[in-house]
Amino acid sequence: MSDAATMDGLPGGTKGVVTDFSADRQAFHVPWGKAMMWIFLLSDTFIFSCFLVGYMHVRMAATDPWPFPSEVFALSFGGDPIPLILIAIMTFILITSSGTMALAVNMGYRKNKKATFWLMVATAILGASFVGMQAFEWTKLIVDEGVRPWGNPFGAAQFGSSFFMITGFHGMHVSAGVIYLLVVANRVRNGFYEQRGDNYEIVEIAGLYWHFVDLVWVFIFAFFYLW
Amino acid sequence: MASAEGQQHPLGIYYKIWVLLFVVSFFSYMVDYLNLQGMTRWGLILLFMFVKAGFIIAIFMHMKWERLGLKLAILLPPVFIAVLIWLMAIEGSHTELTRIEFFGESTMVPEEVHH
(Lines give C-alpha, C1' and ligand atoms only; values in the text may rest on other atoms or scores of the structure.)
Protein backbone atom coordinates (compact mmCIF):
# COMPACT_ATOMS: atom_id res chain seq x y z
CA MET A 1 0.00 0.00 0.00
CA SER A 2 1.45 3.39 -0.89
CA ASP A 3 0.97 6.12 1.69
CA ALA A 4 1.06 9.75 0.38
CA ALA A 5 2.87 10.92 3.51
CA THR A 6 5.83 8.58 2.91
CA MET A 7 6.15 8.26 -0.85
CA ASP A 8 8.93 6.14 -2.25
CA GLY A 9 12.18 8.04 -2.44
CA LEU A 10 10.80 11.22 -0.87
CA PRO A 11 11.19 12.18 2.80
CA GLY A 12 8.04 12.70 4.91
CA GLY A 13 7.15 15.21 7.62
CA THR A 14 8.56 18.75 7.67
CA LYS A 15 11.58 17.65 5.65
CA GLY A 16 9.12 16.51 3.00
CA VAL A 17 7.48 19.94 2.98
CA VAL A 18 10.83 21.58 2.30
CA THR A 19 11.63 19.03 -0.43
CA ASP A 20 8.26 19.54 -2.08
CA PHE A 21 8.36 23.32 -2.06
CA SER A 22 11.98 23.58 -3.18
CA ALA A 23 11.52 21.01 -5.96
CA ASP A 24 13.06 22.27 -9.16
CA ARG A 25 9.90 22.87 -11.13
CA GLN A 26 9.01 25.94 -13.12
CA ALA A 27 5.46 26.95 -13.88
CA PHE A 28 6.05 30.31 -15.55
CA HIS A 29 8.66 30.49 -18.29
CA VAL A 30 9.75 34.02 -17.47
CA PRO A 31 12.58 35.26 -15.22
CA TRP A 32 11.63 34.64 -11.58
CA GLY A 33 11.75 38.37 -10.80
CA LYS A 34 9.12 39.04 -13.43
CA ALA A 35 6.84 36.29 -12.17
CA MET A 36 7.15 37.62 -8.62
CA MET A 37 6.46 41.20 -9.75
CA TRP A 38 3.30 40.03 -11.52
CA ILE A 39 2.15 38.18 -8.40
CA PHE A 40 2.88 41.25 -6.27
CA LEU A 41 0.89 43.40 -8.70
CA LEU A 42 -1.98 40.90 -8.50
CA SER A 43 -2.05 41.29 -4.72
CA ASP A 44 -1.86 45.07 -5.11
CA THR A 45 -4.82 44.86 -7.49
CA PHE A 46 -6.86 43.34 -4.67
CA ILE A 47 -5.81 46.06 -2.22
CA PHE A 48 -6.83 48.87 -4.58
CA SER A 49 -10.02 47.00 -5.46
CA CYS A 50 -10.92 46.79 -1.79
CA PHE A 51 -10.43 50.56 -1.44
CA LEU A 52 -12.50 51.30 -4.51
CA VAL A 53 -15.27 48.89 -3.52
CA GLY A 54 -15.25 50.42 -0.02
CA TYR A 55 -15.61 53.84 -1.64
CA MET A 56 -18.51 52.54 -3.76
CA HIS A 57 -20.20 51.22 -0.64
CA VAL A 58 -19.95 54.41 1.43
CA ARG A 59 -21.03 56.49 -1.56
CA MET A 60 -24.10 54.31 -2.09
CA ALA A 61 -24.93 54.20 1.61
CA ALA A 62 -24.53 57.96 2.23
CA THR A 63 -27.84 59.80 2.50
CA ASP A 64 -26.23 63.24 2.25
CA PRO A 65 -25.60 64.35 -1.36
CA TRP A 66 -22.19 63.29 -2.69
CA PRO A 67 -19.92 66.27 -3.49
CA PHE A 68 -19.70 66.82 -7.25
CA PRO A 69 -16.03 66.06 -8.12
CA SER A 70 -16.23 68.10 -11.31
CA GLU A 71 -16.78 71.23 -9.20
CA VAL A 72 -14.68 70.31 -6.16
CA PHE A 73 -11.62 69.68 -8.33
CA ALA A 74 -12.14 72.61 -10.68
CA LEU A 75 -9.35 75.14 -10.84
CA SER A 76 -9.50 78.78 -11.82
CA PHE A 77 -6.65 80.53 -13.61
CA GLY A 78 -8.03 84.02 -13.10
CA GLY A 79 -11.17 83.40 -15.17
CA ASP A 80 -14.01 80.89 -14.90
CA PRO A 81 -13.03 77.68 -13.10
CA ILE A 82 -12.19 74.82 -15.51
CA PRO A 83 -13.60 71.48 -14.31
CA LEU A 84 -11.08 68.78 -13.28
CA ILE A 85 -8.26 70.57 -15.09
CA LEU A 86 -5.49 69.66 -12.64
CA ILE A 87 -6.61 66.02 -12.62
CA ALA A 88 -6.57 66.00 -16.43
CA ILE A 89 -3.01 67.37 -16.46
CA MET A 90 -1.97 64.75 -13.88
CA THR A 91 -3.53 62.02 -16.04
CA PHE A 92 -1.63 63.18 -19.11
CA ILE A 93 1.64 63.37 -17.14
CA LEU A 94 1.21 59.80 -15.95
CA ILE A 95 0.47 58.56 -19.48
CA THR A 96 3.52 60.40 -20.78
CA SER A 97 5.63 58.74 -18.09
CA SER A 98 4.19 55.35 -19.06
CA GLY A 99 5.31 55.99 -22.63
CA THR A 100 8.85 56.97 -21.64
CA MET A 101 9.00 53.87 -19.43
CA ALA A 102 7.91 51.58 -22.29
CA LEU A 103 10.65 53.10 -24.45
CA ALA A 104 13.20 52.63 -21.62
CA VAL A 105 12.35 48.90 -21.47
CA ASN A 106 12.76 48.64 -25.22
CA MET A 107 16.09 50.49 -25.17
CA GLY A 108 17.26 48.23 -22.35
CA TYR A 109 16.76 45.12 -24.45
CA ARG A 110 18.62 46.85 -27.28
CA LYS A 111 21.51 47.27 -24.82
CA ASN A 112 21.39 51.04 -25.27
CA LYS A 113 22.54 51.98 -21.77
CA LYS A 114 22.49 55.73 -22.21
CA ALA A 115 18.97 55.94 -23.68
CA THR A 116 17.64 53.53 -21.04
CA PHE A 117 19.14 55.62 -18.24
CA TRP A 118 17.81 58.95 -19.50
CA LEU A 119 14.35 57.58 -20.32
CA MET A 120 14.10 56.14 -16.81
CA VAL A 121 15.21 59.45 -15.31
CA ALA A 122 12.58 61.23 -17.43
CA THR A 123 9.96 58.79 -16.16
CA ALA A 124 11.02 59.43 -12.57
CA ILE A 125 10.88 63.22 -13.06
CA LEU A 126 7.38 62.98 -14.53
CA GLY A 127 6.36 60.75 -11.61
CA ALA A 128 7.79 63.24 -9.12
CA SER A 129 5.91 66.11 -10.77
CA PHE A 130 2.72 64.03 -10.49
CA VAL A 131 3.28 63.69 -6.74
CA GLY A 132 4.01 67.41 -6.55
CA MET A 133 0.69 68.25 -8.19
CA GLN A 134 -1.07 65.86 -5.87
CA ALA A 135 0.50 67.64 -2.90
CA PHE A 136 -0.81 70.92 -4.33
CA GLU A 137 -4.27 69.39 -4.77
CA TRP A 138 -4.32 68.07 -1.20
CA THR A 139 -3.14 71.40 0.21
CA LYS A 140 -5.83 73.29 -1.68
CA LEU A 141 -8.52 70.86 -0.53
CA ILE A 142 -7.42 70.82 3.12
CA VAL A 143 -6.42 74.46 3.66
CA ASP A 144 -8.69 76.41 1.30
CA GLU A 145 -11.76 74.21 1.02
CA GLY A 146 -11.80 72.66 4.48
CA VAL A 147 -12.14 69.04 3.34
CA ARG A 148 -11.34 66.62 6.15
CA PRO A 149 -11.48 62.81 6.41
CA TRP A 150 -14.47 63.21 8.75
CA GLY A 151 -16.39 65.89 6.89
CA ASN A 152 -16.52 68.64 4.31
CA PRO A 153 -18.79 71.57 3.43
CA PHE A 154 -19.90 70.19 0.06
CA GLY A 155 -21.82 67.05 1.00
CA ALA A 156 -21.41 63.53 2.40
CA ALA A 157 -18.72 63.23 5.09
CA GLN A 158 -17.39 59.99 3.56
CA PHE A 159 -16.03 61.94 0.57
CA GLY A 160 -12.91 63.07 2.43
CA SER A 161 -11.95 59.70 3.90
CA SER A 162 -12.39 57.93 0.54
CA PHE A 163 -10.45 60.62 -1.27
CA PHE A 164 -7.48 60.80 1.11
CA MET A 165 -7.27 57.03 1.47
CA ILE A 166 -7.41 56.17 -2.24
CA THR A 167 -5.34 58.99 -3.71
CA GLY A 168 -2.93 58.87 -0.75
CA PHE A 169 -2.25 55.18 -1.25
CA HIS A 170 -1.80 55.73 -4.96
CA GLY A 171 0.51 58.71 -4.38
CA MET A 172 2.57 56.53 -2.03
CA HIS A 173 2.92 53.99 -4.84
CA VAL A 174 4.05 56.71 -7.25
CA SER A 175 6.62 58.00 -4.73
CA ALA A 176 7.97 54.49 -4.12
CA GLY A 177 8.08 53.99 -7.89
CA VAL A 178 10.15 57.16 -8.38
CA ILE A 179 12.74 55.89 -5.88
CA TYR A 180 12.70 52.39 -7.40
CA LEU A 181 13.19 53.78 -10.92
CA LEU A 182 16.08 56.02 -9.84
CA VAL A 183 17.85 53.13 -8.12
CA VAL A 184 17.51 50.89 -11.20
CA ALA A 185 18.44 53.75 -13.56
CA ASN A 186 21.61 54.41 -11.57
CA ARG A 187 22.57 50.74 -11.73
CA VAL A 188 21.95 50.73 -15.49
CA ARG A 189 24.28 53.73 -15.78
CA ASN A 190 27.13 52.36 -13.66
CA GLY A 191 27.11 49.00 -15.44
CA PHE A 192 25.89 46.90 -12.49
CA TYR A 193 23.61 44.77 -14.69
CA GLU A 194 26.17 44.60 -17.49
CA GLN A 195 28.71 43.04 -15.14
CA ARG A 196 26.14 40.55 -13.90
CA GLY A 197 25.21 39.87 -17.52
CA ASP A 198 21.48 39.75 -16.92
CA ASN A 199 20.03 41.31 -20.03
CA TYR A 200 18.31 44.37 -18.43
CA GLU A 201 15.16 42.37 -17.67
CA ILE A 202 15.14 44.29 -14.37
CA VAL A 203 14.19 47.38 -16.40
CA GLU A 204 11.15 45.54 -17.68
CA ILE A 205 10.25 44.42 -14.15
CA ALA A 206 10.52 48.01 -12.87
CA GLY A 207 8.46 49.00 -15.91
CA LEU A 208 5.71 46.56 -14.94
CA TYR A 209 5.41 48.28 -11.57
CA TRP A 210 5.32 51.70 -13.18
CA HIS A 211 2.67 50.76 -15.74
CA PHE A 212 0.61 49.28 -12.92
CA VAL A 213 0.68 52.62 -11.09
CA ASP A 214 -0.64 54.23 -14.28
CA LEU A 215 -3.23 51.47 -14.59
CA VAL A 216 -4.54 52.08 -11.08
CA TRP A 217 -4.83 55.78 -11.88
CA VAL A 218 -7.04 54.92 -14.89
CA PHE A 219 -9.52 53.32 -12.47
CA ILE A 220 -9.27 56.07 -9.86
CA PHE A 221 -9.79 58.71 -12.54
CA ALA A 222 -12.89 56.90 -13.84
CA PHE A 223 -14.53 55.97 -10.53
CA PHE A 224 -13.54 58.80 -8.23
CA TYR A 225 -13.18 61.88 -10.42
CA LEU A 226 -15.48 61.24 -13.37
CA TRP A 227 -18.30 59.15 -11.83
CA MET B 1 11.97 30.81 -26.31
CA ALA B 2 10.92 34.44 -26.69
CA SER B 3 11.23 35.32 -23.02
CA ALA B 4 14.88 34.23 -22.90
CA GLU B 5 15.82 37.25 -25.00
CA GLY B 6 13.17 39.34 -23.29
CA GLN B 7 10.31 41.26 -24.81
CA GLN B 8 11.68 42.90 -27.94
CA HIS B 9 9.20 44.60 -30.19
CA PRO B 10 9.40 47.32 -32.83
CA LEU B 11 9.19 50.84 -31.39
CA GLY B 12 6.25 51.76 -33.64
CA ILE B 13 3.70 49.84 -31.58
CA TYR B 14 4.65 51.77 -28.43
CA TYR B 15 4.22 55.12 -30.17
CA LYS B 16 0.84 54.06 -31.55
CA ILE B 17 -0.45 52.94 -28.16
CA TRP B 18 0.97 56.04 -26.52
CA VAL B 19 -0.96 58.32 -28.90
CA LEU B 20 -4.07 56.17 -28.49
CA LEU B 21 -3.92 56.48 -24.68
CA PHE B 22 -3.70 60.26 -25.04
CA VAL B 23 -6.71 60.36 -27.35
CA VAL B 24 -8.84 58.07 -25.16
CA SER B 25 -7.89 60.06 -22.02
CA PHE B 26 -8.91 63.22 -23.82
CA PHE B 27 -12.27 61.62 -24.66
CA SER B 28 -12.87 60.60 -21.05
CA TYR B 29 -12.03 64.12 -19.91
CA MET B 30 -14.52 65.43 -22.50
CA VAL B 31 -17.25 63.28 -20.91
CA ASP B 32 -16.90 65.47 -17.83
CA TYR B 33 -16.19 68.72 -19.65
CA LEU B 34 -19.32 68.41 -21.82
CA ASN B 35 -21.23 67.47 -18.67
CA LEU B 36 -22.84 64.31 -20.09
CA GLN B 37 -25.22 62.66 -17.63
CA GLY B 38 -26.95 59.37 -16.92
CA MET B 39 -26.26 56.15 -18.82
CA THR B 40 -24.29 57.95 -21.56
CA ARG B 41 -21.86 59.26 -18.95
CA TRP B 42 -21.37 55.96 -17.08
CA GLY B 43 -21.23 53.91 -20.28
CA LEU B 44 -18.59 56.13 -21.85
CA ILE B 45 -16.54 56.35 -18.63
CA LEU B 46 -16.46 52.55 -18.35
CA LEU B 47 -15.76 52.07 -22.06
CA PHE B 48 -12.79 54.46 -22.11
CA MET B 49 -11.52 53.04 -18.80
CA PHE B 50 -11.48 49.45 -20.07
CA VAL B 51 -9.94 50.45 -23.41
CA LYS B 52 -7.10 52.27 -21.60
CA ALA B 53 -6.56 49.51 -19.05
CA GLY B 54 -6.60 46.87 -21.79
CA PHE B 55 -3.95 48.58 -23.91
CA ILE B 56 -1.69 49.29 -20.93
CA ILE B 57 -1.81 45.64 -19.80
CA ALA B 58 -1.63 44.08 -23.27
CA ILE B 59 1.03 46.25 -24.90
CA PHE B 60 2.97 48.28 -22.32
CA MET B 61 3.06 45.41 -19.82
CA HIS B 62 3.61 42.91 -22.66
CA MET B 63 0.82 40.59 -21.50
CA LYS B 64 -0.19 40.02 -25.14
CA TRP B 65 3.08 38.21 -25.78
CA GLU B 66 3.21 36.13 -22.58
CA ARG B 67 2.27 32.45 -22.40
CA LEU B 68 -1.33 31.53 -21.63
CA GLY B 69 -0.34 30.07 -18.23
CA LEU B 70 0.91 33.44 -16.96
CA LYS B 71 -2.01 35.29 -18.55
CA LEU B 72 -4.56 33.11 -16.76
CA ALA B 73 -2.71 33.16 -13.42
CA ILE B 74 -2.69 36.97 -13.35
CA LEU B 75 -5.85 38.00 -15.20
CA LEU B 76 -8.34 35.42 -13.92
CA PRO B 77 -8.26 36.10 -10.13
CA PRO B 78 -9.32 39.79 -10.44
CA VAL B 79 -12.55 38.59 -12.12
CA PHE B 80 -13.73 37.46 -8.69
CA ILE B 81 -13.70 41.09 -7.53
CA ALA B 82 -17.00 41.30 -9.41
CA VAL B 83 -18.53 39.15 -6.66
CA LEU B 84 -17.33 41.61 -4.00
CA ILE B 85 -18.72 44.53 -6.00
CA TRP B 86 -22.07 42.77 -6.32
CA LEU B 87 -22.28 41.93 -2.59
CA MET B 88 -21.23 45.41 -1.48
CA ALA B 89 -23.69 47.05 -3.89
CA ILE B 90 -26.55 45.09 -2.27
CA GLU B 91 -25.21 45.93 1.19
CA GLY B 92 -24.78 49.61 0.26
CA SER B 93 -28.38 50.09 -0.89
CA HIS B 94 -29.63 48.22 2.17
CA THR B 95 -27.63 50.50 4.48
CA GLU B 96 -28.95 53.58 2.71
CA LEU B 97 -32.57 52.44 2.97
CA THR B 98 -32.10 51.57 6.64
CA ARG B 99 -30.62 55.01 7.32
CA ILE B 100 -33.50 56.76 5.59
CA GLU B 101 -36.01 54.63 7.49
CA PHE B 102 -34.50 55.35 10.92
CA PHE B 103 -32.92 58.81 10.53
CA GLY B 104 -35.08 60.25 7.73
CA GLU B 105 -34.00 61.94 4.52
CA SER B 106 -30.88 64.10 4.54
CA THR B 107 -31.42 67.74 5.50
CA MET B 108 -27.91 68.81 4.61
CA VAL B 109 -27.56 71.90 2.44
CA PRO B 110 -24.18 71.65 0.69
CA GLU B 111 -22.12 74.81 0.34
CA GLU B 112 -21.14 76.17 -3.05
CA VAL B 113 -17.56 75.40 -4.04
CA HIS B 114 -15.53 78.61 -4.18
CA HIS B 115 -12.34 78.91 -6.19
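**Reading helix packing and a chain contact**

A: H4(A) and H5(A) are roughly antiparallel to each other, a label given to angles over 145 degrees, while angles under 35 count as roughly parallel, 65 to 115 as roughly perpendicular and the rest as oblique. This is a predicted model, in which local features need pLDDT of at least 70 and side-chain atom pairs count only at pLDDT 80 or more, whereas totals for chains, interfaces and linings use all residues. Residues are numbered from 1 along each chain as its sequence is written, and chains are lettered from A and ligands numbered from 1 in the order in which they are written.

Q: Which angle and which axis distance describe the packing of H4 and H5 of chain A?

A: Two packed helices are described by the angle between their axes and the distance between the axes. Helix H4 (residues 85-109) and helix H5 (residues 113-144) of chain A pack at about 160 degrees, with axes 8 Å apart; the axes are lines fitted to C-alpha atoms over the stretch in contact, and angles run from 0 to 180 degrees between N-to-C directions. Sorted by class, the contact of H4(A) with H5(A) has 16 nonpolar, nine polar and one charged residues, where Ala, Val, Leu, Ile, Met, Phe, Trp, Tyr, Cys and Pro count as nonpolar, Asp, Glu, Lys and Arg as charged, and the others, Gly among them, as polar.

Q: How do helix H2 and helix H6 of chain A pack?

A: Helix H2 (residues 32-61) and helix H6 (residues 158-189) of chain A pack at an angle of about 170 degrees, with their axes 10 Å apart, and H2(A) and H6(A) are therefore roughly antiparallel to each other. Among the residues making the contact are A:Phe51 and A:Tyr55 of H2(A) and A:Met165 and A:Phe169 of H6(A), two residues being in contact if their C-beta atoms, placed from the backbone, lie within 7 Å.

Q: What elements does chain B have, and how many residues does chain B bring to the contact with chain A?

A: Chain B has four helices and zero strands, where helices (H or I, at least four residues) and strands (E, at least two) are DSSP runs numbered from the N terminus. The contact takes 49 residues from chain B and 51 residues from chain A. On the side of chain B that touches chain A, H4(B) gives the largest share, 12 residues, and by class that side has 29 nonpolar, 12 polar and eight charged residues.

Q: What does the C-alpha trace of chain B span along its principal axes?

A: The trace of chain B spans about 65 × 35 × 25 Å along those axes.
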